[in-house]
Amino acid sequence: MAETALLLNQGSLLSSVHAKANIIENANNESFCFVADDEVPIIDYSMLVSADPDHRSKAIQDLGKACGDYGCFTVVNHGLPESFIRGVLEECSGFFDLAEMEKTGYEPKGPADKIRWGKGSKPGDKREFLKLISHPDFQCPAKPTGFSEILQEYCKRTRAIALEIFRGISKSLGLEECYIENAMKLESGFDICGVNTYPPCSLPSNPVGLLPHSDPSLLILLLQNVDGGLQIQRNGEWINTNVAQNSIFAHIGDHLEVLTNGKYKSAMHRVIGNNKVKRIGVPIAFGPSLDAFVKPAREFVDESHRPAYHEQTYEEFWQTNQCNVMEGKLFNKGSALNIDEGLIFDTNGRLHANECNFVEGIVVFNTGSTLNKGSVLNVDEGLICGTNGRHLFEEKAVLGRGSALNSSEGLIFMNTKGRLRKVE
Ligand SMILES: O=C(O)CCC(=O)C(=O)O
Ligand SMILES: [Fe+2]
């Protein structure tokens, strides 16, 4: 992997920065400094849309492997001009340069907000962010001049790229090209564009800029001004994403995981800051239509692959996760879940198979548990706690590296060397 993280645009965000080297040298051996020697697959978009069937079929094969093995990939040769990308990043940066009073008008007021601005409030969330609905009705702050226009154009052009990727993904799953598009009613897909900035962080204190999470939606395309900083988790280990100049990072969202019944899993990711430059990240999350019913498609369900996810419309999902736009997991803190005997959650609070076994990285409420139907669970960053009862966990459960379990209501589940331990 390249040691040098290149800045992708010019001007105030200019020059090159050794972000990766700084992080590793200064991180005091804490968990974030361990980065596996692995690289994110690259998808050549021009091959994916090629008229040559051999090129296209090779690209589809690569795409399927990337989705199945990594849950993410870097898109190159997507056709967006470099000057256009630079312009988008500059205008996004310009929004954050506005006087604070221009931005506070977009502070969240209620679930109907179409534009939200705010700052990360948790330790490990150093972002200032703007979130807006980019489809079906594009919403954007009017200032600075030119911001809305270029961002709208970017969202439109990126959407066209995302649709081609969805066609490739459908084919890679052995389905009709338009399968995902039709099943998820993407013509009226609910897309959210995020614009994030992270100040340079003072190392060697904890440099996490955004805590580990997966994103709702089907697919996320992310533009960033620095090559370095975004990490994804694979097989329990963090790997750096090597996003070369003018390329776009893509990762799978939770709802594609649901639709494929876990065949293509959403990518856990986080942002590590650097001590040189402010980072700009522009993720667009392409989601189903609000009225699309998202559940494991029958093509992915059989005797040995039972439906492993909750079924709901995309709108129902947002209704129970209103305040967490682009910030987390399918089931966030405060979600009220109806618990059936034997439901399984992974350490990110995602609902898994309805079986009573322990699997690596998965926490199971077994049938002997006094967590009853109707219990409310608060799920937060690997912390799983019941508000009305005991949890029974198998002693032999093993957690994947990077899991963080904490205390809950008198029971502590510790992740010491990856082993789950129950403390009375
Ligand atoms: O800002 C970034 O680079 C990534 C942000 C992200 O993962 C998110 O907003 O969900
Ligand atoms: Fe994210």
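## Salt bridges

A search of the whole structure, which is a predicted model, finds 15 salt bridges. A salt bridge here is a side-chain nitrogen of Lys or Arg within 4 Å of a carboxyl oxygen of Asp or Glu. One of them joins Arg234 to Asp38, with the closest N and O atoms 2.7 Å apart. Arg234 is in strand S8 (residues 230–234) and Asp38 is in the loop between helix H1 (19–26) and strand S1 (42–44), so this pair ties together parts that are 196 residues apart in sequence. Helices (H or I, at least four residues) and strands (E, at least two) are DSSP runs, numbered from the N terminus. Arg234 and Asp38 are both buried; buried means under 20% relative accessible area, exposed over 50%, and partly exposed in between (1.4 Å probe, protein chains only).

Another salt bridge is formed by Lys143 and Glu102, at 3.1 Å from N to O. Because Lys143 lies in the loop between S4 and H6 and Glu102 in helix H5 (residues 100–104), the pair ties together parts 41 residues apart in sequence. Lys143 is partly exposed, with a relative accessible area of 43%, and Glu102 is partly exposed at 31%. Elsewhere, Glu164, Arg167 and Glu181 are joined into one network by salt bridges that share partners.

## Arg56 and its surroundings

Arg56 is found in helix H3. Its side chain meets that of Glu177 in a salt bridge of 2.5 Å, N to O. This pair links distant parts of the chain, 121 residues apart: Arg56 in H3 (residues 53–69) and Glu177 in the loop between H6 and helix H7 (179–183). Arg56 counts as buried because its relative accessibility is 16%, whereas Glu177, at 31%, counts as partly exposed.

What does the side chain of Arg56 reach at 2.5 Å, besides Glu177? The side chain of Arg56 reaches the backbone oxygen of Leu48 at that distance. Leaving out residues up to four places away in sequence, Arg56 touches Met47, Leu48, Ser50, Lys171 and Glu177, where contact means heavy atoms within 4.5 Å.

Helix H4 (residues 82–97) has 16 residues and reaches 23 Å from its first C-alpha to its last, close to the 22 Å expected at 1.5 Å a residue. The expected span of a helix is 1.5 Å times one less than its number of residues. The buried residues of H4 include Phe84, Ile85, Val88, Leu89, Cys92, Phe95 and Phe96. An α-helix has 3.6 residues a turn, so residues three or four places apart point the same way. For H6, the 26 residues should span 38 Å, and the end C-alpha atoms are 36 Å apart, which agrees. Just after H6, Gly174 takes a positive phi of about 80°.

Pro144 is found in the loop between strand S4 (128–135) and helix H6 (147–172). With a relative accessible area of 18%, Pro144 is buried. Apart from residues up to four places away in sequence, Pro144 touches Glu91, Gly94, Phe95 and Leu98. The C-alpha atoms of Pro144 and Thr197 are separated by 16 Å, and these residues are 53 apart along the chain.

## Ligand 1

Ligand 1 is surrounded by 14 residues, the closest being Asn196, Tyr198, His213, His269 and Arg279; a residue counts as near if one of its heavy atoms lies within 4 Å.

An oxygen atom of ligand 1 is 2.6 Å from an N or O atom in the side chain of Tyr198. A polar side-chain atom of His213 lies 3.0 Å from a ligand oxygen, and one of Arg279 lies 2.5 Å from a ligand oxygen. The protein covers 99% of the 290 Å² of accessible area that ligand 1 has on its own. Accessible areas come from the Shrake-Rupley method with a 1.4 Å probe; for residues, only the protein chains shown count as cover.

## The protein as a whole

The secondary structure comes to 9 helices and 22 strands. Of the 424 residues, 55% count as buried. Among contacts with a separation of 6 or more, 69% are between residues 24 or more positions apart. The accessible surface comes to about 18200 Å², of which 49% belongs to carbon and sulfur atoms.

## Basis of the values

Residues are numbered from 1 along each chain as its sequence is written, while chains are lettered from A and ligands numbered from 1 in the order in which they are written. In this predicted model local features need pLDDT of at least 70, side-chain atom pairs count only at pLDDT 80 or more, and totals for chains, interfaces and linings use all residues; side-chain values use heavy atoms, with hydrogens and water left out.

Technical notes: Polar contact = N/O pair within 3.5 Å; in protein donor to acceptor, adjacent residues only side chain to side chain.
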